[in-house]
Amino acid sequence: MADFFKSRLFWISLIVVVIASTLPLYVSGYILGLLTVAYYFGVFAMAWDLLFGFAGEVNFGPTFLIGVGAYTAGILNNEYGWSVYLCIVLGALAAVIAGFVLALPALRVRGPYFGLTTLVAVLILQNFIVVFAELTGGEIGLTIPDVITINAGVNYWIALGFMTISAIILYGLSQSPVGLVLQASGQDPVQAGALGFNIVKHKLAAFVVSAFFSGLSGALLVFYFGTASVGTVVDVAVGVNVIVAAVLGGRRTVLGAALGAIFLIVAGEFLRPTGELATFIVSAVALLVVLFFPGGFLGAALSREARS
Amino acid sequence: MLAFQILIDGFAISALYALGATGFTLIFGVSGVLNLSHGAIMVLAAVAAWAGASMLHMNTYEGALLGVVVALVAAFATYFAVVQPIQRSRRIPNEEKEIFVLTGTLLWGIMIQELIAYFFTNNAKTVLPIVEGVMDIFGVRTPRNEIFTAVVCCLVIGLLWALVNRTRTGKAVLAASMNPRGVTLLGLELTNIYIVVWAIYGILAGIAGVLLGMFLGVSSYSVGPLTASAFSIVVLGGLGSVSGSLIAAFVVGYLETLTAYLVSPAYRTIPALLLLVIVMYIRPQGLLGRR
């Protein structure tokens with residue numbers, strides 16, 4: 001950990017965050033809004049990378065955790081009018097509980113089976129949201145009466161602050177002894193178990209931490225949008241974007257995942273003039289990165305630094 | 001009356017699911033690849049058949065053939081452009097290849113889906129059926145096309161069974177799914193076997209896609225649900241077990257039809273999903289899985 005504060009990565013990250021925090025002083029509200037969403041998305045991707053990159057588990061259903069957090073917070077606010085902050089905390093807690101319930105059986109199975117269980121969880125959640133339309137707003141979406149603030153600059157700072165704190169915690173965790181055990185159990189569960197580590201407990205912890213940050217970020221996003229809908233926080237396509245962001249940025253780097261998410265959202269906006277081809281181009285770029293730079297952006301940059 | 005209706009409709013849907021899932025499970029059984037662009041390839045076949053009939057003025061047979069050929073080409077493209085480079089890559093550690101294949105084929109599927117949406121719009125398309133009209137079975141008015149779908153599905157699956165169990169090539173494929181190293185030691189080139197499997201897969205996915213287009217219609221939105229349903233049927237049956245997926249396809253097909261008729265079409269997919277979760281709890285390797 002001490003090495004990290006001397007490394008180039010730390011200084012670059014620090015400079016980037018400082019520059020990013022001054023943005024509201026001179027860029028338009030439109031760009032701020034875009035980046036606000038991108039930062040929340042970055043937390044989704046980082047939380048996913050903790051599971052995939054370190055615990056070696058492909059979670060095809062990041063939106064299950066995100067959606068539970070987002071909808072819990074939204075429904076509580078809509079139905080009972082509780083304060084925004086209480087709703088956000090309860091949303092994150094609901095995501096943790098949902099993650100725990102999902103992880104207990106899911107972690108018994110490996111590889112593709114785990115992926116499918118998590119994917120099915122998303123599909124079930126999606127079905128229930130549509131079936132209980134009176135409570136959830138169904139396919140139209142849930143309108144949320146309160147927002148944190150309507151000031152674009154403040155919203156931006158909240159998102160940036162939240163992403164930075166999440167990044168520090170998740171990155172710190174990934175470099176800690178717990179992170180190393182996770183990495184070991186992801187790569188060779190038998191050997192890691194033989195060394196006396198409780199793999200299931202570690203993976204469960206990783207799942208819960210991932211669920212906490214996904215749910216918290218989902219709840220915050222809902223109060224930024226002022227609405228929650230299947231298309232923005234639950235749909236499988238959203239989950240695919242989270243996965244693509246993490247792989248693009250570089251798996252097993254945590255910070256790269258945030259980078260990938262910001263790239264994905266900003267690139268999508270730049271490609272807007274190409275209309276319906278935007279998603280095609282983004283997927284094609286992501287596929288090329290997967291094929292030729294499997295380490296992702298940050299992976300490629302770090303390995304170059306390591307060589308020089 | 002309702003019982004017969006459910007029996008007949010359920011059979012047609014299940015047969016179609018079975019055909020769609022067979023190719024998917026075959027590839028996994030032989031080369032360990034989970035092809036998440038499966039739904040996109042099926043939709044592509046249906047859209048090609050539709051475009052052949054409505055834009056190139058082909059008759060329904062030529063259109064259907066075009067659909068199958070396009071699916072075959074797409075299957076080869078998936079293998080040579082996405083799967084093989086990942087399997088041969090030296091930069092991807094071996095234990096992570098599975099995950100990269102999943103991500104790569106997923107992205108590939110999205111690319112196909114977006115291209116379909118771009119050139120042919122997102123609107124639902126129904127391929128003109130080869131046989132038209134309705135007929136009476138036990139007092140249930142059934143479209144002839146539905147019977148045609150069920151018959152073709154059963155025939156193709158029967159042919160596949162004969163191919164795998166009765167021909168030399170088929171036996172090589174079967175052997176490769178049991179022990180790839182053993183097959184190589186016998187002097188058979190593994191890559192050739194993979195190419196054969198992908199060809200079979202392309203044809204199966206193509207036929208399933210075209211039939212789906214005739215029976216229910218497709219749009220680029222059906223890509224995700226199609227992949228997900230093939231994936232769940234295959235896992236329910238046991239990854240890599242063809243007979244397992246056949247059973248699972250009928251379980252899922254009938255469960256969905258029962259729910260749609262007896263409860264509400266809105267709840268159609270929920271019982272099947274819950275069943276899948278229960279099976280994962282109790283028997284993670286699926287109904288007939290080997291692991």
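# A tour of chains A and B

Start by selecting A:A70, which sits in helix α4 of chain A, the helix covering residues 62–80. The model is a predicted one. A:A70 is buried, as 32 other C-beta atoms lie within 10 Å of its own. Show its contacts next: leaving out residues up to four places away in sequence, A:A70 touches A:G91, A:G218, A:A219, A:L221, A:V222, A:A228 and A:V233. For a distance to check in the viewer, pick A:A70 and A:L90, which are 20 residues apart in sequence and 10.0 Å apart in space, C-alpha to C-alpha.

**Helix α11 of chain A**

Select residues 199–225 of chain A, which make up helix α11. This helix has 27 residues and reaches 38 Å from its first C-alpha to its last, close to the 39 Å expected at 1.5 Å a residue. Is α11(A) enclosed by the rest of the structure or exposed? Of its 27 residues, 19 are buried, so α11(A) is largely enclosed by the rest of the structure. Step past the end of α11(A) to A:G226, where phi is positive, near 80°.

Move on to residues 236–249 of chain A, helix α13. It has 14 residues, and its first and last C-alpha atoms are 20 Å apart, close to the 20 Å expected at 1.5 Å a residue. Because 11 of the 14 residues of α13(A) are buried, this helix too is largely enclosed by the rest of the structure. To see them, colour A:G239, A:V240, A:N241, A:V242, A:I243, A:V244, A:A245, A:A246, A:V247, A:L248 and A:G249, the buried residues of α13(A).

Just after α13(A) comes A:G250, with a positive phi of about 125°. Continue to A:V254, in the loop between α13 and α14 (255–270) of chain A. A:V254 has a positive phi of about 60° although it is not a glycine. It is also buried, with 29 other C-beta atoms within 10 Å.

**A partly exposed residue in chain A**

For a contrast, go to A:V16 in helix α2 of chain A, residues 8–22. A:V16 has 13 C-beta neighbours inside 10 Å and therefore counts as partly exposed. Draw a distance from A:V16 to A:E276: these residues are 260 apart along the chain, and their C-alpha atoms are separated by 32 Å.

**Chain B as a whole**

Now display chain B by itself. What does its secondary structure come to? Chain B has 11 helices and 2 strands. Read from the N terminus, its elements run α-α-α-α-β-β-α-α-α-α-α-α-α. The radius of gyration of chain B is 19 Å, close to the 19 Å that the globule rule gives for 291 residues, so chain B is as compact as a globular protein of that length. Along the principal axes, its C-alpha atoms fill a box of roughly 60 × 50 × 35 Å. Of the 291 residues, 51% count as buried. Among contacts in chain B with a separation of 6 or more, 75% come from residues 24 or more positions apart.

**The hairpin of chain B**

Zoom in on strands β1 (residues 134–137) and β2 (residues 140–143) of chain B, which run antiparallel and are joined by 4 bridges. B:V134 stands opposite B:P143 in β2(B). The two strands form a hairpin with 2 residues between them, and in the turn B:F138 has a positive phi of about 45°.

**B:H57**

Select B:H57, found in the loop between α2 (38–54) and α3 of chain B. Its phi is near 55°, a positive value in a residue other than glycine. Is B:H57 buried or exposed? B:H57 is exposed, with 9 other C-beta atoms within 10 Å.

**The contact between the chains**

Bring chain A back. The contact takes 38 residues from chain B and 32 residues from chain A. On the chain B side, α3 (60–88), α4 (97–120), α9 (223–237) and α11 (270–282) each supply at least two residues. Which helix gives the most to that side? It is α4(B), with 15 residues. The chain B residues that touch chain A divide into 28 nonpolar, 6 polar and 4 charged.

**The nonpolar core**

Finish with the largest nonpolar core, which has 199 residues. Those with the most contacts inside it are A:A45, A:A261, B:L16, B:L44, B:A45 and B:A46. Centre the view on B:L44: not counting residues up to four places away in sequence, it touches B:V70, B:A71, B:A74, B:I112, B:I116 and B:G209.

Definitions and conventions: Residues numbered from 1 in each chain as written. Chains lettered and ligands numbered in written order. Predicted model: local features only at pLDDT ≥ 70, side-chain atom pairs only at ≥ 80, totals over all residues. Buried ≥ 20, exposed ≤ 12 C-beta atoms within 10 Å, placed from the backbone. Contact = placed C-beta atoms within 7 Å. Rg over C-alpha atoms; globule rule 2.2 N^0.38 Å. Nonpolar A, V, L, I, M, F, W, Y, C, P; charged D, E, K, R; others polar. Core = buried A, V, L, I, M, F, W, Y, C linked by C-beta atoms within 7 Å. Expected span 1.5 Å × (residues − 1). Pairing = 2+ DSSP bridges.
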